[in-house]
Amino acid sequence: MKKSKVYFSKSINSNVFVRLYEILGKKLPGNVAVKLHTGEKGNQNFIKPEFFKSIIDFVQGTVVECNTAYSGQRNETEKHKKLIVKHGWTKYFNVDIMDDCDEDICLPIPKGKIIQENFVGNHLQKYDSMLVLSHFKGHPMGGFGGALKQLSIGCASSRGKSWIHSGGVTKDQNILWDNLARQNDFLQAMAESASTITNYFKNNIVFINIMANMSVDCDCCAVAENPCLQDVGILASLDPVALDKACLDLVYSSKDEGKKHFIERVESRNGVFTIECAEKLGIGTTMYELIEVD
């Protein structure tokens with residue numbers, strides 16, 4: 001199988017995003033959705049809006065989010081909108097909460113073993129292409145969060161999130177889904193749901209991961225651990241599987257002592273299984289060439 005190209009810069013500044021985007025050589029057409037994480041109330045680690053301004057302005061994109069399926073300030077549209085304003089996103093960008101209505105889009109998963117359909121925000125159909133800006137870090141349930149998590153949980157509606165987390169048992173956000181699915185079923189459901197977004201946009205999608213502020217916890221945690229790893233850099237690819245695998249490999253090869261804590265989080269949740277499932281679904285490949293750029 002042909003190796004995917006993953007471009008890597010050790011520099012972490014806003015101009016690197018545009019440089020990596022241009023190196024990829026993929027101009028996103030039409031109305032561009034920019035999927036990122038706007039941060040839960042109280043979270044100190046999420047990447048702030050100022051950092052993304054250069055690339056979002058460059059692609060003339062709209063920041064898109066979806067409501068959560070757990071208690072907090074992001075599980076209802078009006079609360080979510082207020083937090084997005086408080087975190088400064090609307091100061092720079094147009095922001096669209098894609099599932100702010102009761103009607104989801106149902107995307108089929110023909111090869112799905114755990115779930116056979118994915119539920120995403122109705123507004124997804126407004127967009128012709130997508131730029132996925134992922135803060136690579138740990139995750140309490142998935143082990144780690146990167147491009148694949150943004151495609152799956154990130155793009156799912158509130159009901160869709162419950163569906164994925166529960167392994168296709170329920171879409172009811174009021175039901176605690178914590179123990180409804182076996183861990184590997186949840187991880188595979190993430191890969192399966194991610195496949196619907198790559199299929200939807202076909203080749204009109206670009207992925208950039210930021211390896212900074214790397215805690216073992218997600219930006220969805222109101223009370224998150226402080227970062228345990230030194231910042232590594234910014235990576236970009238047209239292949240989300242190769243991109244997430246490259247980020248994990250950089251953690252494993254790091255000389256930073258903090259990697260032990262991070263790796264424990266990944267391995268205790270079998271996080272790499274999502275990558276393996278995504279590769280089997282044809283989303284991308286774990287075979288990649290890491291190309292360092294200035």
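The paragraphs below cover cavities, a pocket and a surface patch.

This is a predicted model, in which local features need pLDDT of at least 70, side-chain atom pairs count only at pLDDT 80 or more, and totals for chains, interfaces and linings use all residues. Residues are numbered from 1 along each chain as its sequence is written, and side-chain values use heavy atoms, with hydrogens and water left out.

Rolling a probe the size of a water molecule over the atoms shows where empty space is left. Here, a cavity is a set of points on a 1 Å grid over the protein atoms alone where a 1.4 Å probe fits but cannot get out. Grid points are joined across faces, edges and corners, and a volume is the space filled by probe spheres set on the points. The count is 2 cavities of 30 Å³ or more.

Start with the largest cavity, at about 50 Å³. Its lining residues (an atom within 4 Å of a point) are Gly-142, Phe-144, Gly-145, Gly-146, Leu-148, Lys-149, Met-190, Asp-244, Gly-271 and Thr-274. Helices (H or I, at least four residues) and strands (E, at least two) are DSSP runs, numbered from the N terminus. By class, this lining holds 3 nonpolar, 5 polar and 2 charged residues. Ala, Val, Leu, Ile, Met, Phe, Trp, Tyr, Cys and Pro count as nonpolar, Asp, Glu, Lys and Arg as charged, and the others, Gly among them, as polar.

The second largest cavity has a volume of about 40 Å³. Leu-36, His-37, Phe-46, Ile-47, Phe-52, Leu-133, His-135 and Asp-219 line that cavity. Its lining comprises 5 nonpolar, 2 polar and 1 charged residues.

Now turn to a pocket (an open set with protein on both sides within 12 Å along at least five of seven lines). The second largest pocket has a volume of about 260 Å³. It is lined by 13 residues, and Lys-202, Asn-203, Ile-205, Leu-238 and Ile-283 are the closest to its centre. Helix α7 and strand β10 (205-211) give two or more residues each to the lining. The most come from α7, with 3 residues. The lining divides into 6 nonpolar, 5 polar and 2 charged residues.

Ile-175 lies in the loop between α6 (158-165) and α7 (183-201). With Val-169 and Leu-180, Ile-175 forms a nonpolar patch of about 230 Å² accessible area together. Such patches join nonpolar side chains (Val, Leu, Ile, Met, Phe, Trp, Tyr) within 5 Å, from residues with over 30% relative accessible area and no salt bridge. A salt bridge is a side-chain nitrogen of Lys or Arg within 4 Å of a carboxyl oxygen of Asp or Glu. Accessible areas come from the Shrake-Rupley method with a 1.4 Å probe, and for residues only the protein chains shown count as cover.

Conventions:
Patches are made of residues with over 30% relative accessible area and no salt bridge: like charges are joined within 9 Å, nonpolar side chains (Val, Leu, Ile, Met, Phe, Trp, Tyr) within 5 Å.
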